[in-house]
Amino acid sequence: MSEENKNDVVTGASETIDASSGSSMLEHEESKKEEATSPWPGPKGMIPVTSGKADDANVHNRVFLDNILVKMRVIDSVEPDLTTTILGRKYASPLMPAAVSHLNKVLSDKTRKPMQEKAVAARNMDLLNWIGMETNEEYGEIVSQGGDTIRIIKPFADHHKILDEIKFAEDHGAVAVGIDIDHIAGKNGKYDVVDGIPLGSITMADLKHYAESTKLPFIAKGVLSVTDALKARQAGCKAIVVSHHHGRVPFGVPPLAVLPEIKKALVGSGMEIYVDGSLMTGYDAYKALAMGADAVLIGRGILSELLQSGTKAVEDKLKQMNEQLAEMMMYTGVKDTKSFDPDVLYYQE
């Protein structure tokens, strides 16, 4: 990996950074000769550049989402209550700013700290914030500016580093900690290397050890099958994030496509289920919640606003998404975030 390559601002993966947007270009040598033809997720430079090819998991994600329609149920409908309990704590909404990473390194304006700006936006809106790969020092600086936080740690080959970061998060008031179980492989088919730090495999025994090492709830992020969901439960995880990590896995099934079967498999376990992946609006979030998610992570949905303008723009975008979510809840007779049901959804052939 050449020195001019930086880290993916969401995952920490080693990719080339677009300095103007702070986003990973995620381009490979064979694709640099041609422009992305897909109109989604937006301008070139957004995370990730959607190629429109069959192996791009985000293409399938967006198609799946857009083919879910909603039946209207308005008789007896009332203004909904968005208050949501997550891991025993109450928040203003089920929308959670996602576990992005390295944003403080990518802007040309070094007076700005987008990671702190996101944390402040979450605090101001009474939302649960997530933080991805950051050093302990950087993590401490970020959480000092915000409110409740979940820390997600990379699957480092050095297990002592994972345990150290878990302990640091615990000591600095984290609500929960977790690990990116899906950030293992690099594009060369070997364990990935991030910031020069080797990543490694995650066994169920490892997961159990990490979960038992802390008094905090432990989360497995990057679950995309019933198999991994059941292993996470057996390992003692208190929650999972159903996700393909913004398309890390080629041909990855859309998270919402497997969410119902994962939900069914975990009935009675007490585990909470969160989901991410192409949730760009409150309408997208509604579909995820109707399909069984307890809460949703919003990453790219606020990334452009965050990098371009900071805290206020993120607050405005999340406010708009909450309004869209409430609008859809009113149209479908969902009075609060405990009253979602999948019967309202209609899947186009």
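Hello everyone, let me start with His-102, which has a relative accessibility of 3% and so counts as buried. Buried here is under 20% relative accessible area, exposed is over 50%, and partly exposed is what falls in between, with a 1.4 Å probe and protein chains only. His-102 is not a glycine, yet its phi is positive, about 65 degrees. You will find His-102 in the loop between strand 8 (95-97) and helix 2. When I say helix or strand, I mean DSSP runs numbered from the N terminus: H or I over at least four residues for helices, E over at least two for strands.

A word on the model before we go on. It is a predicted one, where local features need pLDDT of at least 70 and side-chain atom pairs count only at pLDDT 80 or more, while totals for chains, interfaces and linings use all residues. Residues are numbered from 1 along each chain as its sequence is written, and side-chain values use heavy atoms, with hydrogens and water left out.

Now the overall picture. The protein has 10 helices and 18 strands, and 55% of its 349 residues are buried. Take the contacts, meaning heavy atoms within 4.5 Å, between residues at least 6 apart in sequence: 66% of them join residues at least 24 apart.

Asp-76 has a phi near 75 degrees and sits in the loop between strand 5 and strand 6. Is Asp-76 buried or exposed? At 73% relative accessibility, Asp-76 counts as exposed, whereas His-102, at 3%, counts as buried.

Val-78 belongs to that loop too, between strand 5 (68-70) and strand 6 (84-86). Its relative accessibility is 44%, so Val-78 counts as partly exposed. Not counting residues up to four places away in sequence, Val-78 touches Met-330 and Lys-335. And from Val-78 to Tyr-331 there are 253 residues along the chain, but 9.1 Å between the C-alpha atoms.

Next, Asp-180, in strand 11 (residues 176-180). Asp-180 has a relative accessibility of 4%, so this residue counts as buried. Which side chains make polar contacts with the side chain of Asp-180? One is that of Lys-154, at 3.0 Å, and another is that of Lys-221, at 3.3 Å. A polar contact here is a pair of N or O atoms within 3.5 Å; within protein, one must be able to donate a hydrogen and the other to accept it, and residues adjacent in sequence count only if both atoms are side-chain atoms. Leaving aside neighbours within four places in sequence, the contacts of Asp-180 are Ile-152, Ile-153, Lys-154, Pro-155, Lys-221 and His-245.

On to the helices. In helix 3 (residues 136-143), the buried residues are Asn-136, Tyr-139, Gly-140, Ile-142 and Val-143. They span an arc of only 165 degrees around the axis, so they are on the same side of helix 3; the arc is taken from the directions from the helix axis to the C-beta atoms. Their cover includes helix 2 (114-124), strand 9 (129-131), strand 10 (149-153) and helix 4 (159-171).

Now two helix pairs. Helix 5 (residues 204-212) packs on helix 6 (residues 226-235) at an angle of about 45 degrees, with axes 8 Å apart. That makes helix 5 oblique to helix 6. The contact brings together Met-204, Leu-207, Lys-208 and Ala-211 of helix 5 with Lys-231, Ala-232, Gln-234 and Ala-235 of helix 6. For the terms: axes are lines fitted to C-alpha atoms, for helices over the stretch in contact, and angles run from 0 to 180 degrees between N-to-C directions. Under 35 degrees is roughly parallel, over 145 roughly antiparallel, 65 to 115 roughly perpendicular, and the rest oblique.

Ala-211, in helix 5, counts as buried at 13% relative accessibility. Apart from neighbours within four places in sequence, Ala-211 is in contact with Phe-218, Ala-235 and Gly-236.

The other pair is helix 8 (residues 282-290) and helix 10 (residues 311-331), which pack at about 55 degrees with their axes 7 Å apart. Helix 8 and helix 10 are therefore oblique to each other. Here Gly-282, Tyr-283, Tyr-286 and Leu-289 in helix 8 meet Met-321, Gln-324, Leu-325, Glu-327, Met-328 and Met-329 in helix 10. Also in helix 10 is Asp-316, which is partly exposed with a relative accessible area of 38%.
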